[in-house]
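Subject: Structure for your review

Dear colleague,

Please find below the structure that I am handing over to you.

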Amino acid sequence: MKNKYSIFSLIKNAFSNHENWQRAWRDPEPKKEYDAVIVGGGGHGLATAYYLAKKHNLTNIAVVEKGWIGGGNTGRNTTIIRSNYLWDASAGLYDHALKIWEGLSQELNYNVMFSQRGVMNLAHNLQDVRDLKRRTHANRLNGIDAVWLETDEVKKFCPIINTSQDIRYPVLGGTLQKRAGTARHDAVAWGYARGADEMGVDIIQNCEVKGIKRSGDTVEGLETTKGFIKTKKIGVVAAGHSSVIANMAGLKLPLESKPLQALVSEPVKPIIDTVVMSNAVHAYVSQSDKGELVIGAGTDSYVSYTQKGSFNIVEETLKAILELYPIFSRMKMLRQWGGIVDICPDASPIISKTSIKGLYFNCGWGTGGFKATPGSGDLFAHTIANDEPHKLNAAFNINRFVSGDLVDEHGAAAVAH
Amino acid sequence: MFLINCPYCGERDQSEFVSGGEAHIARPKQPTELNDDQWAEYLFMRKNIKGIQFERWNHAHGCRKWFNVARDTSNDKIEKIYKMGEQPPKL
């Protein structure tokens with residue numbers, strides 16, 4: 001049984017110089033056989049394991065991770081959480097996640113630093129105005145809080161934005177979702193890992209999957225760098241490397257893996273207390289609790305697994321940031337990095353069974369998976385445990401690319417890549 | 001970030017080019033005879049290889065011509081550039 005984190009445990013441990021904190025999760029060797037194995041120890045994978053154990057009583061399960069947990073896209077995103085998607089299926093999926101976020105720190109007994117500071121999306125031309133207003137109406141019909149702001153209201157909500165009408169892409173208004181915000185990305189992975197571990201889930205790091213063994217159309221187990229693991233159910237949550245794993249099982253996915261970059265500035269005093277995204281000029285910015293500006297750039301146009309992107313992408317983003325926020329012109333950027341995002345043709349995820357019995361995929365989150373972490377884990381766990389999708393992820397099955405029933409969020413999501 | 005040796009213009013920065021995705025996906029000869037699975041395969045399914053991938057590139061901010069590239073997607077190293085219509089090289 002793990003000790004509960006609280007103000008009292010903090011004070012108690014302060015007296016022993018914080019040297020006696022209990023280990024947050026074990027470091028086990030893989031068993032010979034599990035009831036289910038999750039491939040990928042990012043936020044989504046760990047959340048899947050957590051909900052499999054918690055809601056479906058599957059505790060003889062493991063998460064295998066090639067590197068260290070949360071070291072992939074979970075540790076590389078810009079931590080924005082929102083649910084203001086256009087289509088009903090997406091609204092259901094992302095708002096399900098947002099509702100779990102609202103109670104997640106208490107549920108996990110781990111402070112994920114969820115901060116509902118609001119997300120504002122800017123419109124820079126007439127079509128943006130039409131699209132964003134349409135999305136606001138669609139959101140409200142789905143019970144998602146969203147409001148349209150005129151230019152002066154945008155300025156009032158975030159005073160450092162340059163709302164001059166003389167700039168190349170003037171601000172013509174924007175939308176605001178107040179329940180949206182940010183969270184601490186590492187804490188999400190660690191919180192789920194600690195919770196899953198407590199219920200008996202084996203989290204096996206430095207364990208790369210090398211092959212999927214099947215007999216006919218049924219999975220039998222995984223070949224890994226730590227030996228063969230027998231299992232009847234495999235849930236793959238490998239983000240950018242989903243196609244690589246699919247290939248091991250002889251499957252093809254409708255995905256392209258591309259580098260997506262982000263960068264942070266030197267830390268400064270609080271200057272922006274919300275998240276501002278701009279689709280048309282491709283710039284989005286928020287401020288971390290350490291004071292750094294967290295800036296998201298776009299994807300490169302080509303497939304790459306290098307976890308770095310092209311300089312011209314960063315340059316374009318910073319140009320846009322400087323026009324919108326002239327106050328940042330003297331600021332230095334401290335770090336830049338890339339993550340590999342797996343993008344579906346319709347910019348919506350796949351949370352689905354496959355044609356192989358016992359093999360499930362949760363992938364295609366593209367540029368916006370972090371926000372969905374709790375919901376994705378919950379729904380994927382449901383899909384694996386019942387061998388049937390939950391009604392909230394039924395639309396996100398892999399067969400939609402055959403039936404044509406796509407959930408096209410390319411232009412409709414608040415930011416395009 | 002890398003350089004691409006355009007077969008028509010010479011070596012230029014990658015930012016001058018646009019990736020056209022996986023190469024050698026043949027357009028169906030008899031579109032009316034395809035079933036939904038075949039359409040899905042043609043339109044959406046991609047190899048998305050980690051390693052050497054054959055892909056199409058367009059010199060969008062240059063000569064605007066298309067050509068094929070064999071590129072290692074694990075390190076962005078270009079192995080071979082060849083013209084449209086040519087068979088992929090054996091690497």
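Which backbone nitrogen lies 3.0 Å from a polar atom of the side chain of A:Ser105? Please keep in mind throughout that this is a predicted model. The backbone nitrogen in question belongs to A:Val112. A:Ser105 itself is found in helix α3 of chain A. With a relative accessible area of 17%, A:Ser105 falls under the 20% limit and is therefore buried. Leaving aside residues up to four places away in sequence, A:Ser105 touches A:Tyr110, A:Asn111, A:Val112 and A:Met113. Of these, A:Tyr110 is also a member of an aromatic cluster, together with A:Tyr5 and A:Trp21.

Aromatic pairs

Over all chains, the count comes to 17 aromatic pairs. One of them joins A:Tyr94 and A:Trp365, whose ring centres are 6.0 Å apart and whose planes stand at 85°, an edge-to-face arrangement. A:Tyr94 belongs to helix α3 (residues 88-108) of chain A, while A:Trp365 sits in the loop between β20 (359-363) and α9 (373-386) of that chain, so the pair ties together parts that are 271 residues apart in sequence. Both A:Tyr94 and A:Trp365 are buried.

A further pair is formed by A:Phe401 and B:Phe44. Their ring centres lie 5.4 Å apart and their planes meet at 65°; planes over 60 degrees apart count as edge-to-face, so this pair is edge-to-face. The pair crosses between chains: A:Phe401 is in helix α10 of chain A, and B:Phe44 is in the loop between α1 (36-43) and β4 (52-58) of chain B. A:Phe401 and B:Phe44 are both buried.

The interface between chains A and B

The size of an interface is often given as the accessible area lost when the parts come together. Chain A and chain B bury about 2100 Å² between them, and 55% of this area is on carbon and sulfur atoms. Of the area that chain A buries against chain B, 29% is supplied by A:Lys252, A:Tyr302 and A:Val402, more than by any other three residues. In terms of contacts, 24 residues of chain A meet 26 residues of chain B.

The count of salt bridges between chain A and chain B is 1. This salt bridge joins the side chains of A:Lys252 and B:Glu41, at 2.7 Å from N to O. Polar contact between chain A and chain B is made by 11 residue pairs, with both residues at pLDDT 80 or more.

Four elements of chain A, namely α7 (242-248), β14 (256-265), α8 (311-324) and α10 (400-403), each supply at least two residues of the side that touches chain B. By class, this side of chain A has 12 nonpolar, 9 polar and 3 charged residues.

Chain B

Chain B has 91 residues, of which 35% are buried. Chain B contains 1 helix and 6 strands, and these follow the pattern β-β-β-α-β-β-β along the sequence. The C-alpha atoms of chain B fill a box of roughly 45 × 25 × 25 Å, taken along the principal axes. Among contacts in chain B between residues at least 6 apart in sequence, 45% join residues that are at least 24 apart.

Yours sincerely,
A colleague

Conventions
Residues are numbered from 1 along each chain as its sequence is written. Chains are lettered from A and ligands numbered from 1 in the order in which they are written. This is a predicted model: local features need pLDDT of at least 70, side-chain atom pairs count only at pLDDT 80 or more; totals for chains, interfaces and linings use all residues. Side-chain values use heavy atoms; hydrogens and water are left out. Contact means heavy atoms within 4.5 Å. Buried area is the accessible area (1.4 Å probe) that two parts lose on being put together, summed over both. A salt bridge is a side-chain nitrogen of Lys or Arg within 4 Å of a carboxyl oxygen of Asp or Glu. A polar contact is a pair of N or O atoms within 3.5 Å; within protein, one must be able to donate a hydrogen and the other to accept it, and residues adjacent in sequence count only if both atoms are side-chain atoms. Ala, Val, Leu, Ile, Met, Phe, Trp, Tyr, Cys and Pro count as nonpolar, Asp, Glu, Lys and Arg as charged, and the others, Gly among them, as polar. Rings of Phe, Tyr and Trp (its six-membered ring) pair if their centres lie within 6.5 Å; planes under 30 degrees apart count as stacked, over 60 as edge-to-face and the rest as tilted. Buried means under 20% relative accessible area, exposed over 50%, partly exposed in between (1.4 Å probe, protein chains only).
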